[in-house]
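Here is a briefing on the structure shown below, written for a reader who wishes to check each point against the coordinates. The overall picture comes before the local details.

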Amino acid sequence: MRTSQFHLQTRKETPADAELVSHRLMIRTGMLSRLGSGLYTWTPLGLKVLRNVEKIIREEMDRTGCLEMIMPTIQPAELWQETQRWEKYGSLLLKIKDRAGRDFCYGPTHEEVITDFARKEIKSYKQLPITFYQIQSKFRDEIRPRFGVMRAREFLMKDAYSFHLSTDCLKETYATIHQTYCNIFERIGLTFRPVEADSGEIGGTGSHEFHALADSGEDAIAYSTESNYAANIEKCEVLAPTQSRKEATQELSIVDTPNKKSIQDVANFLSVSPKKLVKTLLVEGVDGPVALVLRGDHELNEIKANNLPQVASPFTMLDDEAIVKLAGCDAGSIGIKDLNCEIIIDRAVEIMSDFVTGANENDKHLTGVNWDRDAKFARVADLRNAKAGDKSPDGKGTIKIARGIEVGHIFQLGDTYTKSMNAVVLNEQGKAQTMTMGCYGIGVSRVVAAAIEQNHDEKGIVWPQQIAPFTVAILPMNMAKSERVKQVANDLYNELKQAGVAVIIDDRKIRPGVMFADAELIGTPHQITIGDRALDDGEVEYKSRKEMQNTRIKQADIISHLMGLLNS
């Protein structure tokens, strides 16, 4: 490709709302053009990267025997009503009507559509197992689109769906796709971790997320210092303490804590550690309010809490009025003594003694509180987020916390959709049997942003070779004035093109400084500078975008040198 024939529009300025490095660099390189909130046009430069990611995904998915297809982006409401997700999916679902007033939505995902396809097309167990996939645009009406394509409303996704006769067969395919995803992300050049995850709105049982590790990641992941264990912070189990509860040594006392609302305020006022306090959170329950009790320095894990059978879904905290009605005080003074509702405590709270809690009276707390003597609980559960230093759930090492960008998610759906949509096949006995199902997604456009988050410097993007828009950039100095430079540059360009290399030659009439700055900003992995001074010695200059060191290479050796680097 010649820059004179290509749309290359780099910028020095970035929008004020571009918080992430990937967003800023995708705008500065001209990969993206903003159309509206959370809506972006991918320019020819950006599309080249997308297509390279897609190519890797297709190759690996096809290698496992998955079958590519394409499904409509617009989906009829009837399918979503069958699975009861028309209302449940919430405001993320963009609902529209056609000219006849019939309800449709712009697909945020395709479980309903593929299940409808399967129940029409798959009739016998002999057709199973089978896995279909597509690479296609999705739309989710994010309340606050941000971070460029990292959290856009419209995005490109690879979604796959497998159908089986048994759970064991589903697990085999799930394991195969898990490995396929590892292969995909390794080829793309991401530093990543697969982690245990919650199934969320998609549903089902087993679930893993694939996270590209980056300080800018929205998600916290927990991993072991001594094993391969890794989980989303929302999924990471916190083991029960091994020590037992100590005997009470203090009498129950009520103390004034004027205007002390937070755990830290009360701890400072009473000169105790937050670890000696418990906090009581009141939430909506299935059969009335439920109190969730945690140690003062711990954070509630809402996913874990929402999975408790006593807690209503969706997870909802009691409002101020309901708190006063139940506890007789404001939120900052809620306590466990004489609290008229079911009390569920965290594992760490079970072993506490002589602790501090609210007195259910404004600006007052109780000290010397002990279980059984002063209050009772109905159940002990894992309620909190894991912290660095906790024991790993697999018993090996301790937990560390890192930030991650979710780039893939796989689910064992079971019969979550096939049962409600009556997707059955005839089994070996000739009887109708509900199929079981898996679901596997990769955020293609998000992968591009994640790659930039992991591969950049102060000059711009440092693309992994596998997904770079161009792998080699030819930078001729004063090409318009030097016939020799022009001839050598064009010959090298043509040879690389014939060899199948994605090469770009900068034939614009611009200053060398601008040419170098654009090549570094765009992040082309291998850069060849051709100038009269080096040609006088029969050489050209090679620079790796990653190492940023210039090396003189004999003109006759440059092709073999480049091909060696590209094939390594």
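The protein chain has 15 helices and 30 strands, and the model that shows them is a predicted one. Along its principal axes, the C-alpha trace of the protein chain spans about 95 × 70 × 50 Å.

**The chain as a whole**

- Of the 568 residues in the protein chain, 51% are buried.
- The accessible surface of the protein chain amounts to about 26500 Å², and carbon and sulfur atoms contribute 47% of that area.
- When the contacts in the protein chain with a separation of 6 or more are considered, 69% of them are between residues 24 or more positions apart.

**Helices α1 and α11**

- Helix α1, which covers residues 21-28, packs with helix α11, which covers residues 444-454, at an angle of about 105°, and their axes are 8 Å apart.
- That angle makes α1 roughly perpendicular to α11, given that angles of 65 to 115 degrees are counted in this class.
- On the side of α1 the contact is made by Val21, Ser22, Leu25 and Met26, while α11 contributes Val448, Ala449, Ile452 and Glu453.
- Residues three or four places apart on an α-helix point the same way, because the helix has 3.6 residues a turn.

- Helix α11 is largely enclosed by the rest of the structure, because 10 of its 11 residues are buried.
- The buried residues of α11 are Val444, Ser445, Arg446, Val447, Val448, Ala449, Ala450, Ala451, Ile452 and Glu453.
- Ser445, which is found in helix α11, has a relative accessible area of 4% and is therefore buried, the limit for this class being under 20%.
- Once its neighbours within four places in sequence are left aside, Ser445 is in contact with Trp42, Leu50, Val149, Phe155 and Leu156.

**The sheet of β4, β6 and β5**

- Three strands form an open sheet in the order β4-β6-β5, and their pairing is antiparallel.
- Strands β4 (74-76) and β5 (94-97) stand at the edges with a single partner strand each, so one side of each is left without a neighbour in the sheet.
- From one strand to the next, the twist of this sheet averages 40°.
- Strands β4 and β6 run antiparallel and are joined by three bridges, and Gln75 has Cys105 in β6 as its bridge partner.
- Strand β5 is joined by four bridges to strand β6 (residues 103-106), and these two strands also run antiparallel.
- The bridge partner of Leu94 in β6 is Tyr106, whereas the bridge partner of Lys95 in β6 is Cys105, a residue that is also the partner of Gln75.
- The hairpin of β5 and β6 has five residues between the strands, and in this hairpin Gly101 takes a positive phi near 85°.

**Thr3, in the segment before α1**

- Thr3 is found in the segment before α1 and counts as buried, because its relative accessibility is 6%.
- Although Thr3 and Ile505 are 502 residues apart along the chain, their C-alpha atoms are separated by 6.3 Å.
- Not counting residues up to four places away in sequence, Thr3 touches Leu8, Ile504, Ile505, Asp506, Asp507 and Arg508.

**Gly296, in a loop**

- Gly296 lies in the loop between β15 (290-295) and α8 (302-306), and with a relative accessible area of 9% this glycine is buried.
- With residues up to four places away in sequence not counted, Gly296 touches Ile263, Pro274, Leu277, Val278 and Lys279.
- The C-alpha atoms of Gly296 and Pro76, which are 220 residues apart along the chain, are separated by 48 Å.

Definitions and conventions
Residues are numbered from 1 along each chain as its sequence is written. This is a predicted model: local features need pLDDT of at least 70, side-chain atom pairs count only at pLDDT 80 or more; totals for chains, interfaces and linings use all residues. Side-chain values use heavy atoms; hydrogens and water are left out. Axes are lines fitted to C-alpha atoms, for helices over the stretch in contact, and angles run from 0 to 180 degrees between N-to-C directions. Angles under 35 degrees count as roughly parallel, over 145 as roughly antiparallel, 65 to 115 as roughly perpendicular and the rest as oblique. Contact means heavy atoms within 4.5 Å. Two strands pair if DSSP finds at least two bridges between them. Buried means under 20% relative accessible area, exposed over 50%, partly exposed in between (1.4 Å probe, protein chains only). Accessible areas come from the Shrake-Rupley method with a 1.4 Å probe; for residues, only the protein chains shown count as cover.
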